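Colleague: I have a model open on my screen and would like to learn how to read it. Could you walk me through it?

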Amino acid sequence: MQDLTYWGSTLRLAVEVAATLAFALSGLLAAARKHLDAVGVFAVAFLAAFGGGTLRDLLLDQRPFFWVEHVHWLWGLMALCIAAMLFMRHRHFEPTERAMQWPDALGLGLFAAVGVDKALFMGWPALVAVLMGVVTGVFGGVLRDVVCNEIPSAFRDHRPYAICAFVGGWAYVGWWMLSGSGTQALLVCVLVAAGLRGLALWRDWTLPAWKV
Amino acid sequence: MQDLTYWGSTLRLAVEVAATLAFALSGLLAAARKHLDAVGVFAVAFLAAFGGGTLRDLLLDQRPFFWVEHVHWLWGLMALCIAAMLFMRHRHFEPTERAMQWPDALGLGLFAAVGVDKALFMGWPALVAVLMGVVTGVFGGVLRDVVCNEIPSAFRDHRPYAICAFVGGWAYVGWWMLSGSGTQALLVCVLVAAGLRGLALWRDWTLPAWKV
Amino acid sequence: MQDLTYWGSTLRLAVEVAATLAFALSGLLAAARKHLDAVGVFAVAFLAAFGGGTLRDLLLDQRPFFWVEHVHWLWGLMALCIAAMLFMRHRHFEPTERAMQWPDALGLGLFAAVGVDKALFMGWPALVAVLMGVVTGVFGGVLRDVVCNEIPSAFRDHRPYAICAFVGGWAYVGWWMLSGSGTQALLVCVLVAAGLRGLALWRDWTLPAWKV
């Protein structure tokens, strides 16, 4: 039994590391494309990785932030940025991006689940909790793009991304109301959101556009 | 007497709905012009309608936000976005924009009054309270434009907009100090700000430019 | 002895005024370059001067903000904006910018020191406190550039700016741990950060770029 708990927490840590790494790398690549300097690389990678959760905690009026409680993640992010600037060449950008799609989908699900969980726990209404999940999963990328002087790709690429987190968030709420188990609901949310995102990538789904 | 209160609260609700609708539509149109997808349309409409009040509440450290307390407004906004994406054609953008100028002016006055009211009630100094009114009325549009990758039109179109909210805010402070009645002051603020904005639109006033 | 305290507080006030003035002027110049109107000029000057400290206080969940406690600074900023719009001509932009480099370096050091001080006092970890110092010193300019629809120059000009604040912040932490005196540590931080920034300007140092 203890073994199972151990494996569970190890698995969760592995998913968290992979997801945050994928988000941070998306920031790194955006910064590299804009030829930012070392400060900009760190700032954009930080925003991409921790911006969504930080904005959620600002809105929920929650402290401390994740990166204040777990300072070693900040040291890790700095090391990652320095390593990337030393070793990543231009031709590695695209393969990196493609390789990161799957941990990114996992991260979307995980971040959304954590956001919904926090907001529900504070007694916020279901719709708002689901939106807080979406903010957690998506607004890191939004802040990254705003600072890089782009319209956020989550708002304009006509691919289901925030929608997957939205559906996953409702799956959380539904499962939690039926079963009362937060842990199960979290797992369901990750599976639904990441699964949908994976399907969307695999089947190349697009969102409806304006009829103009 | 009860009738009067009933009509008063109905009127206020009608003004609130019209004002929020005008702000949300400004977001919708901006999103449509940039060809954003459904997620972007909702996000930008949300920012335009509720961004100013949310930023004010963040600065004042007030919770819950309006849209957390009144979740049905969020459902309404979603329905509006879906309806707009289905039924609004390109040729309807301009007429919509012109038709929205008057509820928008009302909204500017109403939002400013609510912002000044909240900040004064918390004991903030008069100038800061007036600025909080301006933030409530204007920063929804500022956030909308920043996310759409434009310089905020409130900062650059040389039309009196924030200035009207600023003057209206001082009218609030003045009336409130003389009469002690918050309700009257709120009404005065709406009249002054919306009236000035209407005058500015009608007479085509412009702000002084840089002497270069 | 009383004389010394008097001179100390006068000196500190002078440094604060010069530093805030330098930051506000950087906002004014950015607004002038983009031909913003009076509202935009004030908004961008405000963000440049007070945006970093305000963001830090939002993150630390601290109130009141500096500009709420000291409202006369807001009146001063308004007067400055009006004076600048009346009297500053295009040909004065560049000399102003160069003349402002030294008070700006002082401001970077001072703002960073105040930020580190506040965060350490609240018990946040050293690295986070140093980053809060950097945010205080640098994010006014970042917000200024985001609103002006530019990639923040602090992230892209390959000159040591945030790095100077970062090193100065560690100098604060180190001195404070050794001596226990916050006042001394504040002075050391200002000297190190402003000194480094001055050196970087004088010797024309650049940050390493991406190897592409």
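Colleague: What pattern does chain A follow, read along the sequence?

Modeller: Go from one end to the other and note each element in turn. In this predicted model, chain A reads α-α-α-α-α-α-α-α. Its secondary structure comes to 8 helices and 0 strands.

Colleague: And how compact is chain A for a protein of its length?

Modeller: Here one sets the radius of gyration against a rule for globules. For chain A the radius is 17 Å, close to the 17 Å that the globule rule gives for 212 residues, so chain A is as compact as a globular protein of that length. Along the principal axes, its C-alpha trace spans about 55 × 50 × 35 Å.

Colleague: What share of the residues of chain A count as buried?

Modeller: The count is 50% of the 212 residues. Taking the contacts in chain A with a separation of 6 or more, 71% are between residues 24 or more positions apart.

Colleague: How many residues does the contact take from chain A and from chain B?

Modeller: There are 23 from chain A and 21 from chain B. On the chain A side, α6 (126–147) and α7 (162–179) each supply at least two residues, and the largest share, 3 residues, comes from α6(A). By class, this side of chain A divides into 17 nonpolar, 2 polar and 4 charged residues.

Colleague: And how many residues of chain C are in contact with chain A?

Modeller: In that pair, 23 residues of chain C are in contact with 21 residues of chain A. Again you can go by element: α6 (126–147) and α7 (162–179) of chain C each give at least two residues to the side that touches chain A. The largest share of that side, 3 residues, belongs to α6(C). Its classes are 17 nonpolar, 2 polar and 4 charged residues.

Note on methods
Residues are numbered from 1 along each chain as its sequence is written. Chains are lettered from A and ligands numbered from 1 in the order in which they are written. This is a predicted model: local features need pLDDT of at least 70, side-chain atom pairs count only at pLDDT 80 or more; totals for chains, interfaces and linings use all residues. Two residues are in contact if their C-beta atoms, placed from the backbone, lie within 7 Å. Helices (H or I, at least four residues) and strands (E, at least two) are DSSP runs, numbered from the N terminus. Ala, Val, Leu, Ile, Met, Phe, Trp, Tyr, Cys and Pro count as nonpolar, Asp, Glu, Lys and Arg as charged, and the others, Gly among them, as polar. The radius of gyration is taken over C-alpha atoms; the globule rule is 2.2 Å times the number of residues to the power 0.38. A residue is buried if 20 or more other C-beta atoms lie within 10 Å of its own, exposed if 12 or fewer, and partly exposed in between; C-beta atoms are placed from the backbone.
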